[in-house]
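Here is a short briefing on the model shown below.

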Amino acid sequence: MMSILGFLLALVVGVFVAPILGGLITGVDRRITARLQSRLGPPILQPFYDVAKLLGKEKLLNNSWQAFCAYVYLVAAATSVVLFFLQSDLLLIFFVQAVGAVFLVIGAMSVPSPYSQIGAQRELIQVLTYEPLLVLVLAGIYVHTGTFKISGIYALEDPMLFKLPLLFLVLGYALTIKLRKSPFDISASAHAHQEIVRGVYTEFSGPYLAILEIAHFYEMVLILGLVSLFWSTSFVGMLVLVALTYLAEILVDNVSSRMTWRWMVSSAWAVGLTLTLINLLSLTM
């Protein structure tokens with residue numbers, strides 16, 4: 001049972017420290033990506049400069065739904081991170097982040113812009129692709145640990161990666177889609193190789209685009225937090241696993257071209273189901 005001090009500390013870290021950490025990771029991501037493309041790249045603090053600049057711009061909206069959806073997206077992302085640091089239930093965290101993802105799609109669909117509409121449709125396809133993979137990973141964790149509680153996973157004596165290596169690959173597959181990195185950057189992208197401008201973000205501007213960026217910082221921390229669970233027995237092991245996994249995501253993003261949504265759906269479900277079944281069967285032997 002978490003003490004009151006531990007609860008308050010987790011709350012502060014989840015609400016205030018997590019977006020700062022997410023912004024720094026985004027800055028490092030941009031810098032490494034630029035170096036891989038033989039460019040100098042922006043400063044590591046550039047994501048914070050971008051957010052500050054957007055917050056200072058005039059508020060422009062096509063309709064009130066856009067603002068509501070942006071706020072719900074941010075609140076859902078922040079809440080899921082706080083629940084993670086409170087070592088809550090993984091299923092609850094999953095549903096909270098899913099609510100945010102759905103409202104991002106609704107906000108993009110609420111405007112008549114064709115770029116936004118296409119981006120929203122593709123984002124919805126991405127959500128319907130990676131969410132089942134995340135469910136499979138959570139189910140595998142339950143089969144191995146007997147609980148969905150993060151506190152129960154931290155009580156394991158051996159790293160979960162040894163027992164669930166294939167499910168870790170499934171998680172990596174889902175996270176590549178969730179992070180909108182190549183070959184799955186079909187709905188929006190922060191880099192220069194996107195096809196439809198900014199897709200699902202096209203009609204968000206000024207402070208509301210800043211809200212989405214901050215929500216993305218939260219999501220970044222949640223995603224890497226899920227990765228860290230696979231080596232929950234050692235803080236150093238967690239950091240190494242998270243760093244190597246994210247570096248692999250950046251490398252994949254820079255060496256692969258964008259694929260079609262049909263290829264994304266078929267390959268993700270085929271690979272995810274196959275690896276999950278093999279890993280779960282191996283646990284019963």
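What percentage of the 285 residues of the protein count as buried? The answer is 50%, where buried means under 20% relative accessible area with a 1.4 Å probe, protein chains only. This is a predicted model, in which local features need pLDDT of at least 70, side-chain atom pairs count only at pLDDT 80 or more, and totals for chains, interfaces and linings use all residues. Residues are numbered from 1 along each chain as its sequence is written, and side-chain values use heavy atoms, with hydrogens and water left out.

**Fold and dimensions**
- The protein has 11 helices and zero strands; helices (H or I, at least four residues) and strands (E, at least two) are DSSP runs, numbered from the N terminus.
- The C-alpha trace spans about 55 × 45 × 40 Å along its principal axes.
- The radius of gyration is 19 Å, which agrees with the value near 19 Å for a compact globule of 285 residues. It is taken over C-alpha atoms, and the globule rule is 2.2 Å times the number of residues to the power 0.38.
- Of the contacts with a separation of 6 or more, 77% join residues 24 or more positions apart. Contact means heavy atoms within 4.5 Å.

**Surface and charge**
- The protein exposes about 13,400 Å², and carbon and sulfur atoms supply 73% of that area. Areas come from the Shrake-Rupley method with a 1.4 Å probe.
- There are 16 positive and 15 negative charges, and their mean positions are 6 Å apart. Lys and Arg count as positive, Asp and Glu as negative; His and the chain ends are not counted. Each charge is placed at NZ of Lys, CZ of Arg, CG of Asp or CD of Glu.

**Nonpolar core**
- The largest nonpolar core holds 76 residues. Such a core is a set of buried Ala, Val, Leu, Ile, Met, Phe, Trp, Tyr and Cys residues joined through side-chain atoms within 4.5 Å.
- L90, I141, L171, Y201, L229 and F230 touch the most other members.
- Helix α9 (residues 206-228) gives the most to this core, with 15 residues.
- Not counting residues up to four places away in sequence, F230 touches V137, P159, M160, L161, L164, L167, F168, L171 and L241.

- E219 lies in helix α9. E219 is buried because its relative accessible area is 8%.
- Beyond residues up to four places away in sequence, E219 touches Y73, A77 and K178.
- A10 belongs to helix α1 (residues 4-36). A10 is buried, with a relative accessible area of 8%.
- A10 and Q87 sit 77 residues apart in sequence, and their C-alpha atoms are 9.0 Å apart in space.
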